[in-house]
Amino acid sequence: MTRENFDKRKLGRTALSAAFGMAALLAGTAAALAQSVVVQGNKRVETETIRSYVTGQSPEEARRDLVATGLFSSVDVARRGGSIVVTVRENEVINRVVFEGNKKIKGEVLEGELRSKARGPFSKPQLDADVARVKEIYQRSGRGNAQVTARTVQLENGRVDVVFTVVEGDKTGVKEIDFVGNKAFSDGRLRDQMSTTESNFLSWLKTSDVYDPDRIAADLEQVRRYYLKNGYADFRVVSNDVRYDDAKAGYIVTITVEEGAQYRVGAVGVDSRIPDIDSNRLRSLAKTSAGDVYNAEAVEKTLVAMTTEAASRGYAFAQVRPSGRRDAAASTIDLTFVVEEGPRVYVERINVRGNTRTRDYVIRREFDLGEGDAYNKVMVDRAERRLNNLGFFKTVRITNEPGSTPDRVVVNVDVEDQPTGQFSIAGGYSTAEGFIGEVAVAERNFLGRGQFVRLAGSMGEYSKGIEFSFTEPYFMEKRIAAGFDLFSKISDNTRYARYESRNTGGTVRAGLALTEEVSTQLRYSLFEQKISIPNTSSRPYNDCTAPLSGTGTYPNCIDNGEASLALKEASGRSMTSMGGYTLAYNTLDNTRNPRSGLYAEIKQDVAGLGGDARYVRSTAEARVYHEIVEDIVGVVKAQGGYLLGDDLRIIDNFFMGPNLVRGFAPSGMGPRDISVDPRNNALGGTTYFGGSTEVQFPIFGMPRDLGMRGAVFADAGTLFGYEGKEDFRSVIGGNCSGSGYQSCITVRDEKTIRSSVGASLIWSSPLGPIRFDFAKPLSKDTYDRTQFFRFSGGTTF
């Protein structure tokens, strides 16, 4: 062994001996320190655990650390002689947390938000904070007046039960919805985009003013989409501040927005990077053009149309993305739709989660892609919009996650079901049907299958009936809305005519959307009509033909209200078998309260597929809406119809009144039998046409959310062309000349243009749509029946 190696080994032994000595010294010191810390008052917490907080710290630092554990209600650390004395008072331990009185929010949901936990230490300050937290949860769910208290129940061994008592109270309303930063649109216009409304004196009839944070979030998205649809591409919601105002006992919602500039479309181009797809062909599918106000919805529809076209040409992975170049000085956006091959990613799986009621296939069928298909984000976004539009779900969220391989993706669809059933009691009044009430039960998502079912019964002053409807929106797994309607209705028409009727039957129908704007419906109807003519002392409308018992024929039977021979011929039962279709074009911005767009439809029905009727009936209608200035909307309407057939009965004809020209009574215009009671013996016609113009405007000083609007209008139209029988001698005998009751009718059938002007009060109330029309006829025929005031309305609550 060399001298050098010997010295190294000697040095190593010396270092090892020193290390063992140091360890022994430290162990002895720690033991001494542990013995110098005296712990008093602890029952459940180990003494060594408490000592570990004291060792190596000053007494004040040790006290703060022990208090911070939450295990003790009081801690005292002091030096006494050579020892440190730690005196503690332990907190009680929570045995369990219980909620009483909570019905709208489940206990497990509330418990998850608390800091006081079962088997955790009890702390009075922490309990007070939890009470405030539960109140906050109720306020966020729309119950700002909820009362929450907490108490403890003492148990043995230092344990307690914590009991929260909740008085939920009613939901709290939204008192104000204010916007900050909006210049292009008024607060009222933006509130119109929201389903949440402000509380007012009609709050007892509505629930839309109840604060719901999820609904507010959805409303903000609707406001954002409204701005994007109207050219404000840079719009954003800066903040949404919701606070509960104790003085007003409700919520104040303040929404701060940043509008940015309004843009128009500068140019529209297509950059196809796929050789086999022609850019010019795709450009024709664009839903917007140069000069138009920028519309994000039109861009979305263009993406869908171009993506579908590329897929139909065999490019399932093609991606279409919009590229916009802003010109701030000119306030324009040049749009370029870039079409290129996307990554070859397939849908490995579509997971549907959260649907407790709606069946999986109802959700999956809204996707235009399935498992194993090429993944396309445009189609996924379209499915999300469709799911939201169903109205079955409170929330819809679609996310992606990587699949089992890099070229696979998993699509997750998270939804939350919401109630879709409706029980309604409806009531109203109209000048045609008098007071009427209806009870209806409807379900939009029947048995979770996405089907619509409705059963309704009505009872009115002059009518009563029952009807049942069923619709399957995906007939034969296609986007065909098929269904049927069954109905039976009894009507007393003697105020404007001389008969009573009962219609009983059904309709089978199937509707299909051909494009975003064009739809069609096919239908077949089979129904029985029963026409009866009252003949009593108070309504002697058939006493010329059938004298009332015991009195003989009235000498003045014509003058006391006799029904026309044409109507008598049609009395009794008849069967109508009829097939038809409707072709509709719709670009309205809002189907409930339109401000712009066009709605047009053509209907044609052919009767004669069996039954007693033989005719072809064609009608057409078009309505154009245009916002003249903000909140002032102009409406132009045109309509017409033509009936072609042989041996037409009176009940086959068109009967017109306020539905063509306001200011005229039901069946108040057109051909009439003037040989008997001409004012009440309308014969109907085979041809009608008419038009109207209307300007709708808000009523000054009236709260906007009441939904009241005024209107002024001018109508014009005519009905003519009676082609039914006039000579009934072959049926009842008699003659057509001389005095007394004749066997022929005298028809007045003029093509006189009827016209009127007037004003209306329109109320989109919580009771349903209500309309008051005041009209003054400007031109009419001799025997027309006019009607200055017309009221119609109803309610669902």
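Predicted model: local features only at pLDDT ≥ 70, side-chain atom pairs only at ≥ 80, totals over all residues.

Modeller: Contact here means heavy atoms within 4.5 Å.

Biologist: What makes up the chain as a whole, in helices, strands and buried residues?

Modeller: The chain contains 13 helices and 33 strands, and buried residues account for 42% of its 797 residues. The chain exposes about 40,900 Å², of which carbon and sulfur atoms supply 53%.

Biologist: Why is Gln529 called buried?

Modeller: Buried means under 20% relative accessible area, and because Gln529 has 11% relative accessibility, it counts as buried. Gln529 belongs to strand β22, residues 518–532, and, leaving aside its neighbours within four places in sequence, it is in contact with Arg502, Asn503, Gly572, Arg573, Ser574, Thr576, Arg649 and Ile651.

Biologist: Which residues of α11 are buried, and what covers them?

Modeller: Val378, Met379, Val380, Arg382, Ala383, Arg386 and Leu387 are the buried residues in α11. An α-helix has 3.6 residues a turn, so residues three or four places apart point the same way. The cover over the buried residues of α11 includes α9 (296–312), β11 (318–327), α10 (360–364), β14 (393–402) and β15 (408–417).

Biologist: What makes Asn376 a cap for α11?

Modeller: A side-chain oxygen of Asn376 lies 3.0 Å from the backbone nitrogen of Val378, at the N-terminal end of α11, and the cut-off for a polar contact is 3.5 Å. Just after α11, Gly391 takes a positive phi of about 80°.

Biologist: How many cavities of 30 Å³ or more does a search of the whole structure find, and which residues line the largest cavity?

Modeller: The search finds one cavity of 30 Å³ or more, and about 40 Å³ of space lies in the largest cavity. Its lining consists of Pro658, Arg662, Gly663, Phe664, Asp773, Ala775, Gln787, Phe788, Phe789 and Arg790. The elements that give two or more residues to that lining are β32 (768–779) and β33 (789–792).

Conventions. Residues numbered from 1 in each chain as written. Heavy atoms only, no water. Helix = DSSP H or I, 4+ residues; strand = E, 2+ residues; numbered from the N terminus. Buried < 20%, exposed > 50% of the residue type's maximum accessible area, 1.4 Å probe, protein only. Areas by Shrake-Rupley, 256 points an atom, 1.4 Å probe, with all protein chains shown as cover. Polar contact = N/O pair within 3.5 Å; in protein donor to acceptor, adjacent residues only side chain to side chain. 1 Å grid on protein atoms, 1.4 Å probe; cavity = no way out; pocket = protein on both sides within 12 Å on 5 of 7 lines; lining within 4 Å. Points joined across faces, edges and corners; volume = space filled by probe spheres on them.
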